[in-house]
Amino acid sequence: MTVLHALVLGWRDLLRPRIFGVVALGIGLTLVLFVALQALAFWSVHLWAPQTVTLPWIGSWQINDLLSWSTLILFPLMSVFLMAPVAAGFCGIFAEQVADTVEAAHYPGAKGLPLGFLDGLGESLLVMGAVIVVTLATLALTPFIGPLASLLFYLGNGWLLGREFFQMAARRHLHAPQATALRQSRGLQVTGLGVLVAALLTVPLLNILVPVLAATSFTHLFHLLDRRPA
C-alpha cells in the first residue's frame, strides 16, 4: 500500500506548474537532441557514402540520396529505445526543483538540502546509462531466454531505478551511509516502486512523463518510510 500511495501522490504532483515545467523542458531537450542526432546521421551519410554502386546486369545505380534519406528511420527507433532514458537524464538534472516542490507542498517541515548541480548531473547520467545497459542486455538475451527477458527487463530496471531515485531523495536529508542503510532495509518497497516505474516506461507517450513521476514518487516514498523524529 505504501508503494501505491507514493505513486498516486507522485502522479498528482505532475500537474503542479513547476513540476510540469520540468516535464516540458525534459521533453523539449530530448527532442532537440534527437533532431540533432538525426541531422548528423543524414549529413554524415550524404558526405561519406558512395555516390553510385555498380550492380551486375543493372549497371550504375545512384544510392547516395537513398542512403541519406533512409537514415530518417533512426528517429522513430530512437524514440522507442532512447526517449525514456534520455528524458530521465535531462529530468534528473532538475530533480532538485521537483523534490523542492513536492516537499514544500506535502512536507513543509522537512525541507531537504540540495545535492548540487554536479551531483544531480552525475546521478542522472548514472540512471540514464543504467537503463540503457539493461535495455540493451535484455534485447541481446531475448533469443536465448525468451519470455524471461521481460522479467529481466522489469526487475533489472526496477532495481536500478529504485536504487538511484530513492538514493537521490534520501541524500537530501541523510548522509550517504544512512541513505543506503534505509534503502537496503526497505528494499522490497523501493524495488517495488521501481518495477512499477519500469513498467510505465514501456507505455508509448506515457513514458516521457515517467522520469519526473519517478522523482516525485520516490520523494514521497522516502518520507513515508523515514521514521526519524520530525
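Which residues line the largest cavity? In this predicted model, the lining is made up of Ala-95, Glu-96, Ala-99, Phe-165, Met-168, Ala-169, Arg-172, Ala-215 and Thr-219. The space inside the largest cavity comes to about 80 Å³, and a search of the whole structure finds three cavities of 30 Å³ or more.

Two packed helices are described by the angle between their axes and the distance between the axes. For H8 and H11, the axes come within 8 Å and cross at roughly 65 degrees, and H8 passes H11 in a right-handed crossing. On the H8 side, the contact is made by Leu-161, Gly-162, Phe-165, Phe-166, Ala-169 and Ala-170. Their partners on H11 are Pro-211, Ala-214, Ala-215, Phe-218, Thr-219, Leu-221, Phe-222 and Leu-225. Twelve of the residues in this contact are nonpolar, two are polar and none is charged. Phe-165, Ala-169, Ala-215 and Thr-219, which take part in this contact, are also among the residues lining the largest cavity.

H8 also meets H10. Here the axes come within 7 Å and cross at roughly 115 degrees, again with a right-handed crossing. From H8, the residues Phe-153, Tyr-154, Leu-155, Asn-157, Gly-158, Trp-159, Leu-161, Gly-162, Arg-163 and Phe-166 take part. They meet Val-190, Thr-191, Gly-194, Val-195, Val-197, Ala-198, Ala-199 and Leu-201 of H10. This contact divides into twelve nonpolar residues, five polar and one charged.

The remaining pair is H10 and H11. Helix H10 (residues 187-201) packs against helix H11 (residues 210-225) at an angle of about 165 degrees, with the axes 11 Å apart. The two helices are therefore roughly antiparallel to each other, and H10 passes H11 in a right-handed crossing. H10 brings Gln-189, Val-190, Leu-193, Gly-194, Val-197, Leu-200 and Leu-201 to the contact, while H11 brings Val-210, Leu-213, Ala-214, Ser-217, Phe-218, Leu-221 and Leu-225. Eleven residues of this contact are nonpolar, three are polar and none is charged.

Conventions
Residues are numbered from 1 along each chain as its sequence is written. This is a predicted model: local features need pLDDT of at least 70, side-chain atom pairs count only at pLDDT 80 or more; totals for chains, interfaces and linings use all residues. Side-chain values use heavy atoms; hydrogens and water are left out. Axes are lines fitted to C-alpha atoms, for helices over the stretch in contact, and angles run from 0 to 180 degrees between N-to-C directions. Helices (H or I, at least four residues) and strands (E, at least two) are DSSP runs, numbered from the N terminus. Angles under 35 degrees count as roughly parallel, over 145 as roughly antiparallel, 65 to 115 as roughly perpendicular and the rest as oblique. A crossing is left-handed if the near helix is turned anticlockwise from the far one by less than a right angle, and right-handed if clockwise. Contact means heavy atoms within 4.5 Å. Ala, Val, Leu, Ile, Met, Phe, Trp, Tyr, Cys and Pro count as nonpolar, Asp, Glu, Lys and Arg as charged, and the others, Gly among them, as polar. On a 1 Å grid over the protein atoms alone, a cavity is a set of points where a 1.4 Å probe fits but cannot get out, and a pocket is an open set with protein on both sides within 12 Å along at least five of seven lines; lining residues have an atom within 4 Å of a point. Grid points are joined across faces, edges and corners, and a volume is the space filled by probe spheres set on the points.
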